Amino acid sequence: MAAEASAAPISGKLTIDLGTDTGRFHGGASGTLYGLYGDGVPSRNVVEGMYVRTVSTKAQDGTQHPGADALEMLRPFVEAGGKDVYVYLTDIYRGFPYEWPGATGPERLADFTARVRRHVEQVLALGEYRAHVVYVPFNEPEGNMFGTGEWSYDGTSWRADPRAYFAAWRDIYRLIKDLDPDARIAGPNTCELYDEVKGFLEFAETEGVLPDIVTWHELSSPDEIRTNVAKYRALERELGIGPLPVNINEYAHNYHLSVPGQMIQWIAAIEESKVDADMAYWNIDGNLNDSAVEANKGNGQWWLFNAYGQFTGNTVRVVAPHPNVQYTLQGVAALDRDKRQARVLFGGAGGSADVVFEHVDLEVFGTTVHARLLEIPWTGQVGASAQPLRLADRELPVVDAKVTLRLTDLEEMSAYQLILSPGGEGAAALPPSVRWRRTYQAEDATYLGDGHSLNGPEGSPSDVDKFATSTGYHVGGLRTGSDGVLAFSVEVPQDGTYDVSVFANSYNLADAVREQGPTNVFLRVDGRRPRELRLPLGYKWAVWGRTDTQVELAAGAHTITLAAQDPELGVTRGEAVVDKLDLALRDDRATGVALYDAEFAALGGGARVDYAIRGASGPGVAVLPRGGTATFWAHAADDGEATVTVDRIGPGEGELTINGENVGIVERSSMPLFLTSGINKVTITATSDDLVLDRLRTDPSRGLLPTATYSAEEGTTTGGARVTGAHTFATGGKAVDGIGGGPGNSLTLTVTAERAGRHALTIRYSNGEQAPATHYNPDPVCRHADIAVNGAAPQRVLFPTTFHFNNFHDLTVPVTLDQGANTLTFTADELPDHDGRSRNQYGQRSAYAPVIDQVTVTPLA
């Protein structure tokens, strides 16, 4: 993708009118339905860095799905910056439609009423956190409790005869308000904004039971968001109510979720409408609706919301080439006059486009602007992503209050961010993150051998229930017993080390995959240098992740093959489908290096941006007063040491915090510090007046932090915990299973620290437990371990699914160790309900810790 003058035909013009203010930036699109499983899944870094504003989830101890219990994740969500938790009270029940017990409608409603009372009483004991609870009495009542099906109140749809539903709403509303007069209640929570909602609002206004927040679902398209919010606002005016807050608490489809180029179209419509909205829950809970990977990683969609959440100031008018039309180029923009920055997020169409800024204020930007262009690519539902790619860094003149950028080679599945700031101060343009890259589709590759299948079409605008795939098609054939070879013909411009990303998927419950877990295949370049790759698992077919490696290529043509057999390394076990292969050549000087300019960081405590200080790496710097902060969201490929440098100008001083851990003062030289794989929150706080920050830089490890790894099989086990050789992908083929079911079944490891202090425990584990599901959502279960250090009170840690017990991931936990020998004891037991007595009867709370392979101990600093 290039930003340049070109004679190529232009597919459209996106106009950002910096002179037309459309209101304060709201940030409402970053909501999630069932996106949080519990404290740590996803991590607080991932939640805070995605700027999640609202979450809709099940009532405490509900049996609808594992995890996502409202009162268990309320506090960590609020502490990670969240605003409100919408409690789906109906999700106390199992099934969809909800299986509420009773032979008659009144009996069923009486049972539900008793459960609502108990839940409100539990919330009342939460202290200040209860102010963040919003009750949703009924979910999609027209298809559930007050529809026409088996589990209906009386077999009559409320849309035809609303009396039973209206009475139930009134009575539940009054019950909640009687127990807690300050409670907020949301509804009607219909599948869409039906015309009959008018009658509901009229009834509620007359009876004094009007919802505090109006909710409905938009499983439609972004244009319907704009249309229906406007329709609802007109209805308020007609009825003389409101304006009330609105939450579209289910939006988008499988085809859209995880794809930045699709999701930016929804974000633009939601932000333009100034409402809150929660992404729909089609798959597994605890991954922010296909934004989070494992516990602490983000995919492309996560980085899109990270960029969106860092908007500040007021939004401005954006005119798209095809206004309010889905699957076309759309965008959202904000102007912060104090920061002197304009930020734009756009995407949704391939090809080329002009991005035009109009009414560029010379008092804000000057006569020359600095434009930084970033790409947020699609990396699949379970494919972790590094920070957005820098495509261009340019200085442009302001001509007649306009700035125009010609963009070519836009990717339809990507979103893009453009940051405009004052230029003309001599800032050196940074090179692109990637020097060269190409995509090769699996369906265009040559397949040799048996078992070939061309699969598709997958998701499309006419079939949004299916998953997005790069061209709609993918290739199968690499499976147990196959002799298949998938051959990609590639051509590269120069000698070098190329990044290879294989976009692939193995369905974790497929018959051929159950035995081993990750499907292994063999990559060769021109028939030589074989290596084994393990392709990613997913919760369904066509759920895409990436397996990354590097190859040495000379300039010219080559053949890269993925094969089911290799005479030296063995044979494939399992079954995989392949979507595409990406090749990329990075600048040799930038390999493993990440740069984060302070003027684009999240600033607090009175920190400001200054564009007039010479010697900065970018267009400006951040100037922090005493107590001022600059926060960076930094990516790390692996858990372990990184070389971290804080570039500053002048004598200012500060403290450095990484993931909530104070790791010391800001040094003039580079510092070896522990970074967690995935998302790291790095905050610099000034301890002197006028700390001038230029940028944060992370480089590869220099091996300065003492690190030791301990195999779980070397530890001491008690009770049913045991060393097993059943997990072939564990280190050395052995791991410890059976931890849990009570404290008598434990694992204890003795680890050594060179000095006392805070350390990272990086635990290599597997967890393939899955509860029986009642409908389309797979229900993997997070296991937990209670980890006691030197016999102290244990720390409870959640471990997300790895989709198979032979698929191992890393999860890092910070702990305090003494100098010398320390004991780590792992136990687990099934957790009771909120009352401390009753238990879940559907296998939704595991009694066991994950399978543990090894533990690596590293000082944080």
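Reply: P243 is found in the loop between helix 6 and strand 9 (246–251); helices (H or I, at least four residues) and strands (E, at least two) are DSSP runs, numbered from the N terminus. The model is predicted, with pLDDT of at least 70 required for local features and 80 or more for side-chain atom pairs, while totals for chains, interfaces and linings use all residues. Residue numbers start from 1 along each chain as its sequence is written, and side-chain values use heavy atoms, without hydrogens or water.

The peptide bond that leads from G242 into P243 is cis, and its omega is near 5°. Most peptide bonds are trans, and most residues other than glycine have a negative phi. An aromatic pair has ring centres of Phe, Tyr or Trp (its six-membered ring) within 6.5 Å; planes under 30 degrees apart are stacked, over 60 edge-to-face, and the rest tilted. The count of aromatic pairs by this rule is 35. W216 and Y232 are both buried (buried is under 20% relative accessible area, exposed over 50%, partly exposed in between, with a 1.4 Å probe and protein chains only).

A cis bond also joins V41 and P42, with omega at about -5°. P42 is in the loop between strand 3 (31–33) and helix 1. Both V41 and P42 line the largest cavity, together with L36, G38, D39, G40, R44, V47, M73, P76, F77 and A80. A cavity is a set of points on a 1 Å grid over the protein atoms alone where a 1.4 Å probe fits but cannot get out, and lining residues have an atom within 4 Å of a point. The largest cavity holds about 70 Å³ of space, where volume is the space filled by probe spheres set on points joined across faces, edges and corners. Helix 1 and helix 2 (70–79) each give at least two residues to the lining of the largest cavity. Helix 2 has the largest share of that lining, three residues. The structure has seven cavities of 30 Å³ or more.

N289 has a phi near 55° and lies in the loop between strand 10 (276–279) and strand 11 (292–293). N289 counts as buried, at 5% relative accessibility. D400 also has a positive phi, of about 55°, and its place is the loop between strand 18 (389–397) and strand 19 (403–410). The relative accessible area of D400 is 71%, so D400 is exposed.

Charged pairs come next. A search of the whole structure gives 50 salt bridges, each a side-chain nitrogen of Lys or Arg within 4 Å of a carboxyl oxygen of Asp or Glu. One of them joins the side chains of D597 and R372, at 2.5 Å from N to O. This pair ties together parts 225 residues apart in sequence, because D597 is in strand 35 (residues 594–597) and R372 in strand 17 (residues 368–376). D597 and R372 are both buried.

R626 and D689 form another salt bridge, with 3.6 Å between the closest N and O atoms. R626 is in the loop between strand 38 (621–624) and strand 39 (629–636), and D689 in the loop between strand 44 (678–686) and strand 45 (691–699), so parts 63 residues apart in sequence are tied together. R626 is exposed, at 53% relative accessible area, and D689 is exposed at 53%.

In the salt bridge between R758 and E661 the closest N and O atoms are 2.6 Å apart. R758 belongs to strand 51 (residues 757–766) and E661 to strand 42, so the bridge ties together parts 97 residues apart in sequence. R758 is partly exposed, with 36% relative accessible area, whereas E661 is buried at 16%.

Salt bridges also link K58, D61, D69, E72, D833 and R845 in a network.

Key
On a 1 Å grid over the protein atoms alone, a cavity is a set of points where a 1.4 Å probe fits but cannot get out, and a pocket is an open set with protein on both sides within 12 Å along at least five of seven lines; lining residues have an atom within 4 Å of a point.
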